[in-house]
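Here is a protein to get to know, one piece at a time.

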Amino acid sequence: LAGVEVLECNVSVWRTPKDKLGELRGWRSKVRVGLRYVWGWVRLSWRYLRLPEHDIVVVGYIGYLDVFPAKLLALLRGRRVVLDLFQSLYEMIVVDKALVQATSLVARLAAWAERLACHTADSVWLNTRAEIEYLAAHHGVDAAKCRRLLMGADSVYQPRNTLPPSPVMHVVYAGQYIPVHGLLTVVEAMRLLRDEAEITFELIG
C-alpha cells in the first residue's frame with residue numbers, strides 16, 4: 001500500500017458486523033458483547049506481541065475504546081499509536097445529525113470518550129481541517145498531533161480532459177443530506193445561480 005507494508009492484527013467481536021446495534025438490544029446481549037470484547041482483546045494481545053517489527057500502530061475507525069488497550073500494548077514494544085478518528089463522533093451525533101441533545105448522558109459520554117481517546121493517541125487522523133480545528137477548540141487536542149487524511153474517491157469518478165458538447169452544465173451532488181458533506185454550500189450555490197438557465201443541479205442522496 002503506497003510502498004508501505006501493512007500488518008493486519010484484528011479480532012472481530014461482532015457476529016453480524018452489518019447489524020451491530022441489533023446485537024446490543026437488551027441487557028443480556030450487551031453483557032455477551034462486553035465479554036466477547038474483553039476476550040477479543042486477550043486474543044488480540046497474544047497476536048500483536050507475536051507480530052514482526054513495525055513502526056506504528058494504527059487504530060481504525062471507530063476505535064474510541066480500542067485505543068486504550070492498543071496504547072498499552074504499543075508501549076510494551078516502544079511504538080507510537082495513531083487513532084484514525086475520521087470525524088468527531090460528538091459533533092456527528094449532537095451537532096450534525098442532531099440525534100441526541102447536548103445535555104444528554106449519551107452526548108456527555110461521547111464527548112468524554114472522544115477527548116480521552118484523542119489525548120491517549122500519539123497522533124490523530126481526521127478527514128478535514130475543520131475537524132482538526134473542532135477537536136482543538138472543544139476537546140483541547142493539540143492541533144500539531146492531528147493530521148488530515150483525505151478519503152479520496154471511488155475509481156468510477158475519473159476527471160475528463162474534455163467535456164461533452166452541451167449547452168447546459170449539469171452539476172451532480174452525491175452524498176448525505178447533512179451539513180458535514182457540504183450540502184449547505186451546494187444549496188447556497190444553487191440560490192446564487194438560480195437565474196442561470198444553462199446550469200442545472202441534481203442532488204443524489
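How many helices and strands does the secondary structure of the protein come to? The count is six helices and six strands. Keep in mind that this is a predicted model. If you read along the sequence, the pattern goes α-β-α-β-α-α-β-α-β-β-α-β. As for overall dimensions, the radius of gyration of the protein is 21 Å, well over the 17 Å that the globule rule gives for 205 residues, so the protein is more spread out than a compact globule. Along the principal axes, the C-alpha atoms fill a box of roughly 65 × 45 × 35 Å. Buried residues account for 30% of the 205 residues.

Let's begin with the strands, and with S1 in particular. In a regular strand, side chains alternate between the two faces of the sheet. In S1, Val57 and Val59 belong to a covered face, while Ile56 and Val58 belong to an uncovered one. Which way does S1 pair with strand S2 (residues 80-86), and over how many bridges? The two pair in the parallel sense, over four bridges. You can pick out individual partners here: Ile56 has Arg80 as its bridge partner in S2, and Val59 stands opposite Leu83 in S2.

From S2, move on to strand S3 (residues 123-126). S2 and S3 run parallel and are joined by four bridges. One place to look is Asp84, which stands opposite Trp125 in S3.

Now go back to the loop between S1 and H2, where Ile62 lies. Most peptide bonds are trans. The peptide bond from Tyr61 to Ile62, however, is cis, with omega near 5°.

Those two residues turn up again when we look at pockets. Which residues lie nearest the centre of the largest pocket? They are Gly60, Tyr61, Ile62, Gly63 and Asp66, out of 48 residues that line this pocket. The elements that give two or more residues to the lining are helix H1 (27-49), strand S1 (56-59), helix H2 (67-76), helix H3 (89-96) and helix H4 (105-120). The largest share, seven residues, comes from H1. The volume of the largest pocket is about 2200 Å³, and its lining is made up of 35 nonpolar, seven polar and six charged residues.

While you are at H1, find Tyr48, which has its place in that helix. Is Tyr48 buried or exposed? Tyr48 has a relative accessible area of 6%, so it is buried, given that the cut-off for buried is under 20%. Tyr48 and Asn10 are 38 residues apart in sequence, and their C-alpha atoms are 8.9 Å apart in space.

Next comes another pair of strands. Strand S5 (residues 169-174) and strand S6 (residues 199-204) pair in the parallel sense, over six bridges. Within this pairing, Val172 stands opposite Glu202 in S6.

With 26% relative accessibility, Ala189 counts as partly exposed. Ala189 and Ala143 are 46 residues apart along the chain, and 31 Å separates their C-alpha atoms.

Of the 11 residues that line it, the closest to its centre are Arg160, Leu163, Pro164, His170 and Val171. By class, the lining of the second largest pocket divides into seven nonpolar residues, three polar and one charged.

Notes. Residues numbered from 1 in each chain as written. Predicted model: local features only at pLDDT ≥ 70, side-chain atom pairs only at ≥ 80, totals over all residues. Heavy atoms only, no water. 1 Å grid on protein atoms, 1.4 Å probe; cavity = no way out; pocket = protein on both sides within 12 Å on 5 of 7 lines; lining within 4 Å. Points joined across faces, edges and corners; volume = space filled by probe spheres on them. Nonpolar A, V, L, I, M, F, W, Y, C, P; charged D, E, K, R; others polar. Pairing = 2+ DSSP bridges. Rg over C-alpha atoms; globule rule 2.2 N^0.38 Å. Buried < 20%, exposed > 50% of the residue type's maximum accessible area, 1.4 Å probe, protein only.
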